[in-house]
Amino acid sequence: MFSICFPLTFLSFLCAYPAWVKEMERSGVQHEKPWYSTGLHFECQRCGNCCRGEPGYIWVNAKEADAISRHMQESPSKFAEKYLRKVGHRISLLERPNGDCILYSNGCSIYEVRPKQCRTFPFWRSNLKSKGTWEALKGFCQGVDRGRLHTQDKIDRILKDNLP
């Protein structure tokens, strides 16, 4: 079946790939590790800096919107009418005129069921470009370099789940 779809050389490469990687490791050739290979400390301090002041989008999917509406004890349609907007083919939480998330009021009112975009902060590609961008984030986010250690594997899974 694969030979119909792929040239034989590609199939040969796929079959040999595990052995090729092991040989590279034995020969000392190493993959470049990301700058955060020893992990990063982060624990949300619930300061709200990531929820306030900057206009943008807080993307939610249908499952998240449903969980938030249940948490807020609103019908899905009422919740959508009051708190959501359509942006192209996507859905975003509304924001106040000053850029604050509509659901931020002296703290996140939906913290337990917040959207994936919020749950994965600060482990966004834009924040992990370099050690310098991570260090600069400390001036904005009180949780950076505090709390528990997030391993490279965990961070890489978050990044993979949030492609592109």
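1. Terms first. A residue is called buried when its relative accessible area is under 20%, exposed when over 50%, and partly exposed in between (1.4 Å probe, protein chains only). Helices (H or I, at least four residues) and strands (E, at least two) are DSSP runs, numbered from the N terminus. Contact means heavy atoms within 4.5 Å.

2. Basis of the model. This is a predicted model, in which local features need pLDDT of at least 70 and side-chain atom pairs count only at pLDDT 80 or more, while totals for chains, interfaces and linings use all residues. Residues are numbered from 1 along each chain as its sequence is written, and side-chain values use heavy atoms, with hydrogens and water left out.

3. Confidence. pLDDT is the predictor's confidence in each residue, from 0 to 100. The protein averages 86, and 80% of the residues score at least 70. Among the elements, strand E1 (residues 40-42) has the highest mean pLDDT, 98. Helix H1 (residues 2-5) has the lowest, 38. Over residues 1-17 pLDDT stays under 50, and the model has four contacts beyond four places in sequence for this stretch. Where pLDDT is low, the predicted coordinates should not be read in detail.

4. Overall layout. The protein has seven helices and five strands. From the N terminus on, they run α-α-β-β-α-α-β-β-α-α-β-α. Of the 164 residues, 28% are buried. Take the contacts between residues at least 6 apart in sequence: 67% of them join residues at least 24 apart. The accessible surface (Shrake-Rupley method, 1.4 Å probe) comes to about 11,300 Å², and carbon and sulfur atoms account for 56% of it.

5. Helix H3. Which residues of H3 (residues 62-71) are buried? They are Glu64, Ala65, Ile68 and Ser69. Seen down the axis of H3, these buried residues fall within an arc of 135°, so they line one face of the helix. The arc is that of the directions from the helix axis to the C-beta atoms. An α-helix has 3.6 residues a turn, so residues three or four places apart point the same way. The buried residues of H3 pack against strand E2 (59-60), helix H4 (76-83), strand E3 (84-87) and helix H5 (116-119). On the other side of H3, Ala62, Lys63 and Arg70 are exposed.

6. Ends of H3. At the start of the helix, a side-chain oxygen of asparagine 61 comes to within 3.1 Å of the backbone nitrogen of lysine 63. After H3 comes glutamine 73, in the loop between H3 and H4. Glutamine 73 is not a glycine, yet its phi is positive, about 55°. With 75% relative accessibility, glutamine 73 is exposed.

7. Helix H7. In H7 (residues 152-161), Gln152, Ile155, Ile158 and Leu159 are buried. Down the axis of H7, they fall within an arc of 125°, so they line one face of the helix. These buried residues pack against E1 and E5. The face turned away from the buried side carries the exposed residues Asp153, Arg157, Lys160 and Asp161.

8. Glutamate 43. Where does glutamate 43 sit? Its place is in the loop between E1 and E2. Glutamate 43 is partly exposed, at 41% relative accessible area. Leaving out residues up to four places away in sequence, glutamate 43 touches Gly143, Arg146, Gly147 and Arg148. The C-alpha atoms of glutamate 43 and glutamine 142 are 8.6 Å apart, although 99 residues separate the two along the chain.

9. Backbone points to check. Aspartate 145 is in strand E5 (residues 144-150). Its phi is near 65°, a positive value in a residue other than glycine. Aspartate 145 is partly exposed, at 36% relative accessibility. A cis peptide bond joins phenylalanine 121 and proline 122, with omega about 10°. Proline 122 lies in the loop between H5 and helix H6 (131-137).

10. Cysteine 50 is partly exposed, with a relative accessible area of 47%. For cysteine 141, the nearest cysteine sulfur is that of cysteine 47, 5.6 Å away. Cysteine 141 is buried, at 9% relative accessibility.

Definitions and conventions
Disulfide = S-S within 2.5 Å. Polar contact = N/O pair within 3.5 Å; in protein donor to acceptor, adjacent residues only side chain to side chain.
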